[in-house]
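Dear colleague,

Please find below the structure that I am handing over to you.

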Amino acid sequence: MTTASLVQELKTLRKGRGVHAGRITDKIGPALAAACGITEADGAVAAKQKLVTRLTDLVEQLPEDLHLAARVAFGLISDVRHPLYQERVGWLAATIDRDARTVRRRVDEAVDQLAELAATTMRRDAGGWHTAELAVAVMLDQERPEVLERYQIVVNQDGVTSFDFVAAFPVHRRDVEAQLLYGGTLQDRGNLDRPGFRLVPAEPLARGETHDFAIRYRLSHRDAMRPCVLHVPERPCEVFDLRVRFEHDRKRLVRAFDGVLRSDAEPVGTTQSVDRAGEIHLRFRRLLPGLLYGARWGSAAVCPARRAS
């Protein structure tokens, strides 16, 4: 699946009645079908349902000024069912008091961003579950630093019996004690440069259920943890909340990363201020799988990022 092919197929889809076109399967190209999880076994009704669900999910991730343009363009608003794309463009131009050229430009921008999102993110129902929120608190102002990770998981299919994940910070398994605070049974999966685990809930979970669990890590010594918390989700993650409490050093250099592409070069990030209590608080929303989120501190530390789970 390439971004260019998705752009072309989305532009084809918006023509005519958009998602409400007759023989909708004829307007869904191979790249768009892959992005929506549509297979040859799906009939027209199932294909349309998957298409509308996926498009709606992606549109919600667009900047606010592009929401309406995208929804109107593809016919995702029930009150706007004009049979032609240009008629829907005219309706939106009159509604927001802009000319049609401005509306078409916004739609094109929305299509480009939708294609990028579809190419880099998984469907929320893929893989059985996704993360609603990951909250990480790092306490470095003690002899043996501690990290608390709290997960809220949303189940996307029936019969889910486990969740695989890795710690959000790099440390050798031998240098950390892991304790599950609540949420089931914890199984150790070993690690490369950070601990990996499998969380097994008490009972199999059904589609639509949420499940919470928390794990506390206690490091063996101050230098066991590398100076960063970098989360690279493999599944959609709605919220990543990060707090770090440093020793009493308010001049510490901290850089934050909000959706940075991973590469061999060390990313630059943005400077983050440490408050008077010696803490930072970062909150990331709508994380994209494969991109890097979090913080690192110190002037020369190299901090590897691994996929989360």
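**Findings: a buried glutamate and an open sheet**

With a relative accessible area of 17%, E146 is buried, because buried means under 20%. Please note that the model is a predicted one.

E146 belongs to strand β2, which covers residues 146-155. Leaving aside residues up to four places away in sequence, E146 is in contact with A137, V138 and M139, and also with R216, Y217 and R218.

Strand β2 is part of an open sheet of six strands, arranged in the order β4-β7-β2-β1-β9-β12 with mixed pairing. The edges of this sheet are taken by β4 and by β12 (279-287); each has a single partner strand, so one side of each is left without a neighbour in the sheet. From one strand to the next, the twist averages 15 degrees.

Strand β7 (residues 210-219) runs antiparallel to β4, and six bridges join the two.

Is Y182 buried or exposed, or does it fall in between? Its relative accessibility is 40%, so Y182 counts as partly exposed; that class lies between the limits of 20% for buried and 50% for exposed. Y182 also contributes to a nonpolar patch on the surface, which it forms with L148 and L181. Together, these three residues have about 240 Å² of accessible area.

Yours sincerely

Key:
Residues are numbered from 1 along each chain as its sequence is written. This is a predicted model: local features need pLDDT of at least 70, side-chain atom pairs count only at pLDDT 80 or more; totals for chains, interfaces and linings use all residues. Side-chain values use heavy atoms; hydrogens and water are left out. Patches are made of residues with over 30% relative accessible area and no salt bridge: like charges are joined within 9 Å, nonpolar side chains (Val, Leu, Ile, Met, Phe, Trp, Tyr) within 5 Å. Accessible areas come from the Shrake-Rupley method with a 1.4 Å probe; for residues, only the protein chains shown count as cover. A salt bridge is a side-chain nitrogen of Lys or Arg within 4 Å of a carboxyl oxygen of Asp or Glu. Buried means under 20% relative accessible area, exposed over 50%, partly exposed in between (1.4 Å probe, protein chains only). Two strands pair if DSSP finds at least two bridges between them. Helices (H or I, at least four residues) and strands (E, at least two) are DSSP runs, numbered from the N terminus. Axes are lines fitted to C-alpha atoms, for helices over the stretch in contact, and angles run from 0 to 180 degrees between N-to-C directions. Contact means heavy atoms within 4.5 Å.
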